[in-house]
Amino acid sequence: METKSIMIVGVGGQGSLLASRIIGNVLLSQGFEVKVSEVHGMSQRGGSVVTYVKYGDEVNSPVIVKGEADIIISFEQLEAARWLPFLKKGGHLVTSTQKIDPMPVINGAAVYPDDIIGKIKAQGVDVIAVDALTLAEQAGTSKASNVVLMGVVSKKMQFEESVWQAALEQCVPAKFLELNKKAFALGRAAE
Amino acid sequence: MKKLMLGNEAFARGLYEAGCKIASSYPGTPSTEITEEVAKYDEVYAEWAPNEKVAMEVALGASVAGARSFCAMKHVGLNVAADPLYTAGYTGVTGGMVIAVADDPGMHSSQNEQDSRHHAIASKVMMIEPSDSAECKEFAKAAFDLSEQFDTPVIVRMSTRVAHSQSAVELCDRVEKDLIPYEKNIQKFVMMPGNAIRRHPQVEQRIEDIRKYAETSPLNRVEYNDTKIGVIAAGISYQYARDALGSKASYLKLGIVNPLPVEIIKDFCQKCETVYVIEQLDDIIETHCRKNGLNVHGKDTFSLLGEISQSIVREKILGETAEFTEFPENVPVRPPVMCAGCPHRGLFYCLSKLGVMVSGDIGCYTLGATAPLCAMDTTICMGASISGLHGFNKARGAESEKKSVAVIGDSTFMHSGMTGLVNIAYNATNSTVIILDNSITGMTGHQQNPTTGKNLKGDPAAAVNLVDLCHAIGIKSVRVVDPYHMAETEAVIKEELAKDEPSVIISRRPCALLKYVKHNPPLKCDHDKCVGCKQCLKIGCPAISIHDKKMTIDHTQCVGCGICTEMCKVGAIG
């Protein structure tokens, strides 16, 4: 099988590390070779963060380059726009509709583009936009929007739901498991 | 059993399986998790040392005692530990000694992009480099065997993408290693001139012996495919090349990066038509090839700067580029910022308002240099804030002393700041030093340090009392402030700057991300009161923005620290 690539993008602190661990465990359980590449340290402090997940029969480079991602999962609209060039032609973009102003916008040095999702769709890209934050809050905490998005993405991938449930159980501490299962279900039912 | 593991986690597993007994490190991205992970194995004693030099000396001491020992650091940490490294190269070891050094090409979280291989060459110490998590584990284990076989510390060079990528690792059992009996050996371990002069030829002989070993070692391997293109690479660069070129090229994958073999490289170059050396940062393998009369491509094709990737290899060697879609408008950058509720924010706002020269240091608080606070003038390396301020004030005199401060975190102060403070007291400048005590090592992801009262395992430990320590150093004026109270903080800074003596201000408030820190409910802006004056934006809080000329607070980020309420002249925030 040709190597497949999934990118998870967002703002430092939104929980992309947990999301990548869940997907990584799903893929490992299906017998693929898997690489998951994360960024730690300074860029995690509210900066633009990206995590790469690659899988297939053989995976070499752990990073994803422009035009290579089969799926981009974005936790924030501006980040979807930023990382759009990494999407392969015919790839899928799953994005939360959440907006977080970056410091240059807060300072007035730059403007947050309007209608980002519409403009990306106008480029012929398949976009699935979900209000993951509201769904996460319905599940019990705004912090679970990462798992809501996992629920959305699970429908774009060929694996059984039970495989995802098993990965959730592996990656989420027991006391938060019910909440995250609810968030996942809301994501899976979205759209 | 196969498990998905970070390179750093797999490295720790290798240490465990190899029977490592002692680990001592100072945190530094991207090396930190190796020591955090190895601490989870009860069979291994692991600690956070105050700095990398101490850590390496602890590891060497444990090796002399007959234990397999380990220390980890980031690339710049190896500069701090260079002193023991270069002489440990002379003494050699008793129990195997492994040093992990993590380079950060692309500077994801570092102040420079140095190539640690230079240290291995200069110290004449063996260095090996893994390229994925499975190799991290295997190389860690091999490093101990090689260390004992060749009587040398062995450095394992990591890089950001290897350290922070997860891939599958096969787990094995630990093989317990008994302590090697201790025997006093003055000629080997007392490095005074008369002894060291007899060790040096052994060092030269050893590096030649390891070079011979490298010619046949399984750590170096050749993969022949199409021989029109030959690639010589180590570590992550090999993965990029393999990704880009697949079976269109042949590969010489080097696991041993110091010393480099000669014969297998010559043989490979003879068998391939065009040979590319693909290496991140400096041209070390390339220079070695040229020194041995081999005509290879290297930095004529690839950059000395930043990271390589499969797309760069594909473009440079095959001339292929990928198709992609651009967003049709300018996308504003999103640089890292201090978190909402960060205790450093209030302090930096005061410094920004006072317009003083700020001699900065390494940590989350380096973000005080970014807009809108812009309250930092210099950042060089761990500890340089305090010593640099002393030099600045000696050069510019008494006027400068009233208009300048150093800022340094609690962990960085313990690492190498306090010697600078000794210098201020001893050599007398009326400098003002601010210790940003957030009760943790923040930037690297919350590690304990000698001021926090806990050790690496989270157990209670002796805590350095910063106030007493500063007094003992000879600083009489030591004040403690809460940076959430900006008016008081500003007043104290002004008072200490005015004094004709050196002073220390401890700006104390735990990191807002610490689990035990209780947050207040998010604040709200009363839009009937808000006049849209934008004063609140001056503190650079990521939770605050202006929409339709009114301030809004992002409830998902706000932790209710309240410093924005001090900025609001109309009392709209509550």
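**View 1. Extent of the contact between the two chains.** Chain A contributes 60 residues to the contact and chain B contributes 62 residues. The model shown is predicted. Between them, chain A and chain B bury about 5,000 Å², of which 58% lies on carbon and sulfur atoms.

**View 2. Polar and charged pairing across the interface.** The interface of chain A and chain B holds 6 salt bridges. A salt bridge joins the side chains of A:Lys54 and B:Asp243, with an N to O distance of 3.5 Å. Residue pairs in polar contact between chain A and chain B number 17, counted where both residues have pLDDT 80 or more.

**View 3. The side of chain A that touches chain B.** At least two residues of this side come from each of helix 1 (16–29), strand 2 (33–37), strand 3 (48–56), helix 2 (77–83), helix 3 (103–106), helix 4 (116–121) and helix 5 of chain A. Sorted by class, the side of chain A that touches chain B comprises 29 nonpolar, 16 polar and 15 charged residues.

**View 4. Packing of helix 5 and helix 6 of chain A.** Helix 5 (residues 132–139) and helix 6 (residues 145–154) of chain A have axes that come within 8 Å and cross at roughly 110°. Helix 5 of chain A is therefore roughly perpendicular to helix 6 of chain A, since angles of 65 to 115 degrees count as such. Helix 5 of chain A makes the contact through A:Ala132, A:Leu133, A:Leu135 and A:Ala136, and helix 6 of chain A through A:Ser145, A:Val148 and A:Leu149. By class, this contact of helix 5 with helix 6 of chain A has 6 nonpolar residues, 1 polar residue and no charged residues.

How values were computed:
Residues numbered from 1 in each chain as written. Chains lettered and ligands numbered in written order. Predicted model: local features only at pLDDT ≥ 70, side-chain atom pairs only at ≥ 80, totals over all residues. Heavy atoms only, no water. Axes fitted to C-alpha atoms, helices over the stretch in contact; angles between N-to-C directions. Helix = DSSP H or I, 4+ residues; strand = E, 2+ residues; numbered from the N terminus. Parallel < 35°, antiparallel > 145°, perpendicular 65-115°, else oblique. Contact = heavy atoms within 4.5 Å. Nonpolar A, V, L, I, M, F, W, Y, C, P; charged D, E, K, R; others polar. Buried area = accessible area lost by both parts, 1.4 Å probe. Salt bridge = Lys/Arg side-chain N within 4 Å of Asp/Glu carboxyl O. Polar contact = N/O pair within 3.5 Å; in protein donor to acceptor, adjacent residues only side chain to side chain.
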